[in-house]
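Here is a short briefing for a first look at this structure. Start with the sequence and the model below.

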Amino acid sequence: MHPVIVLTAMSNAISSGRLDLIMKLRRLLEREGFPVASGKTLTPDPRGLPRTDLKVQEMTELRQNPDLRFIMDVSGGDTANELLAGACDLVPGDPLPDSVLPGKDVIFMGYSDLTALLNAFYAIGGRRGALFSGMNALGDTTGNRLRELLDFLKSPSSRSPLVTPRGGFRRGKKMQGTVIGGNIRCFLKLAGTPYMPEPDGKVLALEGLNGNPERLISYFAALKTLGITARVSGIVLGTFTELKAKYPDTDPLDLLLPFIPRDLPVWETPEIGHHREARGIMIGAEYVFTENGCLGTGN
């Protein structure tokens with residue numbers, strides 16, 4: 001019996017056109033034998049706006065499903081942290097009640113704006129999640145991401161090819177630590193909140209969709225002023241989509257270097273980011289990065 005998967009939209013509301021693609025993904029997974037359900041948050045809103053109460057309700061109900069193993073979020077945009085704002089009102093003094101966290105055996109999957117939730121679930125509840133969009137299984141014409149996704153769903157592990165991006169060092173020769181981060185803009189939305197993971201000894205993964213050189217400089221500067229870059233054990237640089245497309249001669253490492261310690265290792269991969277062939281990485285899982293690649297330790 002394959003594990004149960006629920007498709008959700010914890011960020012922006014889903015349009016009817018997007019819903020058609022999501023249902024295509026659902027049918028694909030069902031043909032492979034996976035029991036798949038569509039969450040309440042997938043229902044298109046007449047106003048085109050997400051609903052805080054519906055997100056909190058959905059997560060609370062999903063926590064009560066003993067057969068659930070994957071929450072595959074297929075949304076993106078700006079409003080994932082809306083769930084955190086709604087959840088903190090449930091129990092006075094508790095920023096993220098256990099009833100809203102994914103179960104200990106449940107893997108939350110999502111990317112982009114879902115960075116906020118992946119890191120919050122790890123910071124508050126120690127939950128590991130996959131920084132990966134299930135929609136890449138439809139967009140990748142090689143079929144590689146689909147095969148890797150199916151293998152991951154059958155046997156989830158930080159050693160799975162789906163969450164083992166290829167890359168190499170731009171500076172340094174080795175680094176090791178639990179991975180935090182993801183989309184840089186959405187990660188920074190957690191600044192000053194209890195949802196921001198403690199950075200000490202962690203490996204900080206960074207990627208971005210929108211951002212000219214000036215915007216990325218401001219993001220990197222913010223990471224320094226928050227004290228994050230001085231405390232992590234290394235940085236994984238993914239793809240910065242707009243920078244690569246519009247400013248091909250600008251190296252993101254050159255923008256980053258003024259804001260990190262001189263001896264901090266930097267490992268770069270083209271396989272984390274906003275493109276159809278992207279792989280992912282496990283937030284909250286420990287990895288070892290060497291000149292030959294990276295591999296999860298299983299912790």
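Phe121 has a relative accessibility of 1%, so Phe121 counts as buried. Buried means under 20% relative accessible area, exposed means over 50%, and partly exposed lies in between, with a 1.4 Å probe and protein chains only. The model is predicted: local features need pLDDT of at least 70, side-chain atom pairs count only at pLDDT 80 or more, and totals for chains, interfaces and linings use all residues. Residues are numbered from 1 along each chain as its sequence is written, and side-chain values use heavy atoms, with hydrogens and water left out.

**Aromatic pairs**

- Rings of Phe, Tyr and Trp (its six-membered ring) pair if their centres lie within 6.5 Å; planes under 30 degrees apart count as stacked, over 60 as edge-to-face and the rest as tilted.
- The count by this rule is five aromatic pairs.
- In one of them, the ring centres of Phe70 and Phe152 are 6.1 Å apart and the planes are at 55°, so this pair is tilted.
- Phe70 sits in strand S3 (residues 68–73) and Phe152 in helix H6 (residues 144–154), so the pair ties together parts that are 82 residues apart in sequence.
- Helices (H or I, at least four residues) and strands (E, at least two) are DSSP runs, numbered from the N terminus.
- Both Phe70 and Phe152 are buried.
- Phe108 and Phe121 make an edge-to-face pair, at 5.3 Å centre to centre and 80° between the planes.
- This pair links distant parts of the chain, with Phe108 in strand S4 (residues 107–110) and Phe121 in helix H4 (residues 115–125), 13 residues apart.
- Phe108 is at 2% relative accessibility, so Phe108 counts as buried.
- One aromatic cluster is formed by Trp267, Tyr287 and Phe289.

- H4 is mostly covered, with eight of its 11 residues buried.
- Among the buried residues of H4 are Leu117, Leu118, Phe121 and Tyr122.
- Ser112 is in the loop between S4 and H4.
- Most residues other than glycine have a negative phi.
- Ser112 is not a glycine, yet has a positive phi of about 60°.
- With a relative accessible area of 10%, Ser112 is buried.

**Pocket and cavities**

- On a 1 Å grid over the protein atoms alone, a cavity is a set of points where a 1.4 Å probe fits but cannot get out; a pocket is an open set with protein on both sides within 12 Å along at least five of seven lines; lining residues have an atom within 4 Å of a point.
- Grid points are joined across faces, edges and corners, and a volume is the space filled by probe spheres set on the points.
- The largest pocket has a volume of about 260 Å³.
- Its lining has 13 residues, and Arg18, Met135, Asn136, Gly139 and Arg276 lie nearest the centre of the pocket.
- Helix H1 (16–31) and helix H5 (136–139) are the elements that give two or more residues to this lining.
- H5 gives the most, with three residues.
- The lining of the largest pocket has four nonpolar, seven polar and two charged residues (Ala, Val, Leu, Ile, Met, Phe, Trp, Tyr, Cys and Pro count as nonpolar, Asp, Glu, Lys and Arg as charged, and the others, Gly among them, as polar).
- There are two cavities of 30 Å³ or more.
- The largest cavity holds about 70 Å³ of space, and its lining includes Ser112, Asn136 and Glu207.
- The second largest cavity holds about 40 Å³, and Phe108 and Phe121 are among the residues that line this cavity.
- Five nonpolar, one polar and two charged residues make up the lining of the second largest cavity.

**Two buried loop residues**

- Thr229 lies in the loop between helix H8 (213–225) and strand S9 (234–240).
- Thr229 is at 3% relative accessibility, so Thr229 counts as buried.
- A polar atom of the Thr229 side chain lies 2.9 Å from the backbone oxygen of Phe259.
- Leu42 lies in the loop between strand S2 (36–38) and helix H2 (52–63).
- Leu42 is buried, with a relative accessible area of 3%.
- Contact means heavy atoms within 4.5 Å; neighbours within four places in sequence aside, Leu42 is in contact with residues including Leu7, Ile14, Met23 and Val74.

Definitions and conventions. Polar contact = N/O pair within 3.5 Å; in protein donor to acceptor, adjacent residues only side chain to side chain.
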